[in-house]
Amino acid sequence: MDQSSFDDRYTIRRFSPGLTPEGTADAQTTAFFASVDAGFHQPEVAPDRLGRMVRHVIDDRTELLGVHRRDPMPDSLEVDAPVGTFGSLPKRLSWGDGTEIDTFAIASVTVRPTERRRGILRRMMTDSLHRAADEGYPLASLTASEGTIYRRFGFGAAIRERTIDVDRSAALPLLVPARGEIAPVDTAVLAQGLARQVYERFHARTPGSMTRNEGTWNALLGRQGDGEPNRAVRAVVHRPSRSEPVDGYVTYKAEQTERHAVRLEIVDLVAATDEAYIALWHHLLAVDLVRVVRYGTARVDDPVLHVLADDRALSTVFEEDHVWFRVLDPVATFASRPFAVDGTVTIGVHDALGFADGTLRLSVVQGRATVERTAGGQDEADVELDVAELGALVLGAVDVGTLVAAGLVRAEAGSAARLRAMLVPIRTPHQIAYF
């Protein structure tokens, strides 16, 4: 454990999660996750389940940071539990062309209500971002429970997601036929490694995809925390032909919403090809006694809309920001990604924390970039923006022109159009992992 001073009221403890010889979480790890559960209004996890969860957290190479009171109130939870929590782990981000970049992924961020407005979040975040930069991470990433917290630290929302409902009665018949073969499988078949193989193929071709936490797989594959099957969840797989390997799967369950009305809830839908994605939707919309199919991690421009007999059969139930990125090293970040067209643009970046502050010249030849910091002032740049907007633009899912129109990016029309064309992703960025 690494302990350092915060101020006269707090200390900071940075440590790796641990287990006892009996396989339960050690005292420090138990106290940390009790604070996390309180922060997210979740019941505390039972010791046996917490032990399993911590094993997954260890497999993910997670590091934990807790802020502790120096003089906790007697008999209070603060004697053992931190008043601020912060977790971090490495996650690979796909550019969609088979290449990846490492990100410093942030999770489990809480501050106890009694300790708000004392600089705890700022200290946890800035210390951790400096540590990430020192360790060579070019990007930090997170998914946010609230949308107003992280921009102040330079994070920009780069991917949005939707929850959609598709009304089966109006959706059919679909405008394109299903291709390939669909077969029902036991969820145990997916859990034996097949699902991970399909996910790796999806990940490699999908900009914005990130590696999944070990602890998420059981629930997504219809398994309980101890690996026992959840009998409510069913699964099918897709093959291009009987002799070819599986290239897509979906797990789903039926929910009774009202008398004689059933909603089919997609638990996990992973397709390594466009054909598999549409074929799996064919199956979902063919299930009898179902009124609506709901998908909670749909792309904003989900292609299923365009194959419905009546596109009004699809309704957006909810939409929100999903993945946020914070550029720590703009040279390494943009040199690692593919670009749609060649060109040169100079970008002036304002970064209050200093990581990305300055002027960059981005020169793309044959789809790959040379990025260098220049001595020119930001006012002379073709495009001028805050580092939060740079994070929002990094995948190309957010349009430069939209941010210009919003007043968040300064650029002449030609420069904005050039950068927009350069940043167009290979496919629509999509992220179906949570952390």
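I take helices as DSSP runs of at least four residues, numbered from the N terminus. I am working with a predicted model here.

**Entry: the cavity**

I noted a volume of about 40 Å³ for the largest cavity. Which helices each supply at least two residues of its lining? I found helix H9 (387-393) and helix H11 (413-423). I then listed the lining residues: Phe-334, Ile-347, Leu-385, Leu-390, Leu-393, Leu-419 and Leu-423. Sorting the lining by class, I got 7 nonpolar residues, with no polar and no charged ones.

**Entry: the largest nonpolar core**

Nonpolar side chains tend to be buried together in soluble globular proteins. The largest nonpolar core here has 44 residues, and I saw that Tyr-249, Leu-269, Trp-281, Leu-284, Tyr-295 and Leu-308 touch the most other members. I checked which elements give two or more residues to this core, and among them are strand S7 (156-167), helix H5 (187-205), strand S10 (248-258) and helix H7 (274-286). H7 gives the most, with 7 residues.

**Entry: Leu-308 up close**

I picked Leu-308 and set aside its neighbours within four places in sequence. I was left with contacts to Val-166, Ala-171, Leu-174, Leu-175, Leu-285, Ala-313 and Leu-314.

**Entry: a second core**

I also came across a second, separate core of 39 residues, including Leu-89, Trp-95, Leu-139 and Leu-419.

How values were computed
Residues numbered from 1 in each chain as written. Predicted model: local features only at pLDDT ≥ 70, side-chain atom pairs only at ≥ 80, totals over all residues. Heavy atoms only, no water. Core = buried A, V, L, I, M, F, W, Y, C linked by side-chain atoms within 4.5 Å. Buried < 20%, exposed > 50% of the residue type's maximum accessible area, 1.4 Å probe, protein only. Contact = heavy atoms within 4.5 Å. 1 Å grid on protein atoms, 1.4 Å probe; cavity = no way out; pocket = protein on both sides within 12 Å on 5 of 7 lines; lining within 4 Å. Points joined across faces, edges and corners; volume = space filled by probe spheres on them. Nonpolar A, V, L, I, M, F, W, Y, C, P; charged D, E, K, R; others polar.
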